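Work through the exercises below with the model open. Try each task before reading its solution.

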Amino acid sequence: MSGQILTGDALLTLRGLPDGIAHTCVTSPPYFGLRDYGVAGQIGLEETAGEYIDRLVEVFREVRRVLRPDGTLWLNVGDSYATRSGNQPPTNTRNRNGHAAKRVPDGYKYKDLMGIPWELAFALRADGWYLRDDIIWHKTNAMPEAVKDRPTRAHEYLFLLSASQTYYYDAKSIEEPCGRKGNARSFRGGGAYTNHVSFDNDAQADRESHGNAENEKGTRNKRDVWHIATAQFREAHYATFPPELIRPCILAGCPRGGLVLDPFFGSGTTGVVALQEERDFLGIELNPEYVALADRRIAEVLEQGVQLKLL
C-alpha cells in the first residue's frame, strides 16, 4: 500500500489532479466559525455561512471530477449556533487552536441552530451530487455543554453522496451483527449483495419491505445511526476523526487496492485507516504543521505494522 500527502489549498491542489483517479473521498472540512487555524486561506472563517458553503461546493465539485464515475463522498460536518463571543486563544482552551470570534451572521437570529450540514448537503445535491444518506454519528462520550434551555448535542452528520446514479458500495463488507429475534429481520430471499448499486434498489426495497422473514444469517445491512466515541490524538490535533467512524466508509466505498482521497487531511486518520484496510490514500492539507504531524503518525503506523490496526 502507498500514500501521498500534498501540502496546499484543497481547491487549487485538486485542480492539478487528473480525472477519475480516486474510488472514494472520506473527509471532514473545517466547521463554520469554529476555530482559527492560523493559516492564510483557511476555510471556516468566512463572513457568512453562504460564503462558507459556496467555497465547499467549489471544492467538492473538483472532488467529483477526481473521483471515478462510480465514486462516493463520505462527508462529516458539524453544525454551528448563531452566537456572539470574542476570540479565545489556545491558552484558554483545551486545544492547540483557539476558538474564532463569533457574531450572529446575516439571516439568522441570536441562538439559532444554523443547520449548516443540511445547507451544505442540499447545495451539493443542487450542484450535481446524489444525496444518498444522512448517517447519524452518535458521540457516546459527548462533551457536556453549559446550556440550560436545550438538550446537550451528542451527534453529528456523516453524509453519503455519490458522483453518479450507479456507484460502488460494498454493503457486505460492513454488515453488522444481529440476533434472530425481535427486529432482526431480513428481506425474504435476500442476502444477495452487489458492489454496484443503483437507485432502482430503493424502489425494490420499498416494494419488499412488507415481505421480510426471520434473519438466519446473524448479520444485517448496516444501519445509519453509528454509536462511536470521539477520539483524541496525543499530538493534540483537536479535530481528529475517530478511526471507527471512517473505517466503514473506506470498506464500503473503496475496493482493496483502491485509492481513498481526503482533501482536508488534518492529522492523517484517513490515511492511517486506508493503509490498515489495504487501500492507498491521497491527502491534501493546507497547514504544513499538520502535514508533518500526519507524516510522522503514518510512518509510525507503517513501522509497527498496519496489519495490527494500531490507532
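Buried means under 20% relative accessible area, exposed over 50%, and partly exposed in between (1.4 Å probe, protein chains only). Helices (H or I, at least four residues) and strands (E, at least two) are DSSP runs, numbered from the N terminus. This is a predicted model: local features need pLDDT of at least 70, side-chain atom pairs count only at pLDDT 80 or more, and totals for chains, interfaces and linings use all residues. Residues are numbered from 1 along each chain as its sequence is written, and side-chain values use heavy atoms, leaving out hydrogens and water.

**Exercise 1. Find the buried face of α3.**

Step 1. List the buried residues of α3: I116, P117, L120, A121 and L124.
Step 2. Look down the axis of α3. Its buried residues fall within an arc of 130° (directions from the helix axis to the C-beta atoms), so they line one face of the helix.
Step 3. Find their partners. These residues pack against α2, β3, β4 (130-139) and β5; contact means heavy atoms within 4.5 Å.

**Exercise 2. Describe the surroundings of F60.**

Step 1. Skip neighbours within four places in sequence. F60 then contacts T27, L73, L75, L124, W129 and F264.
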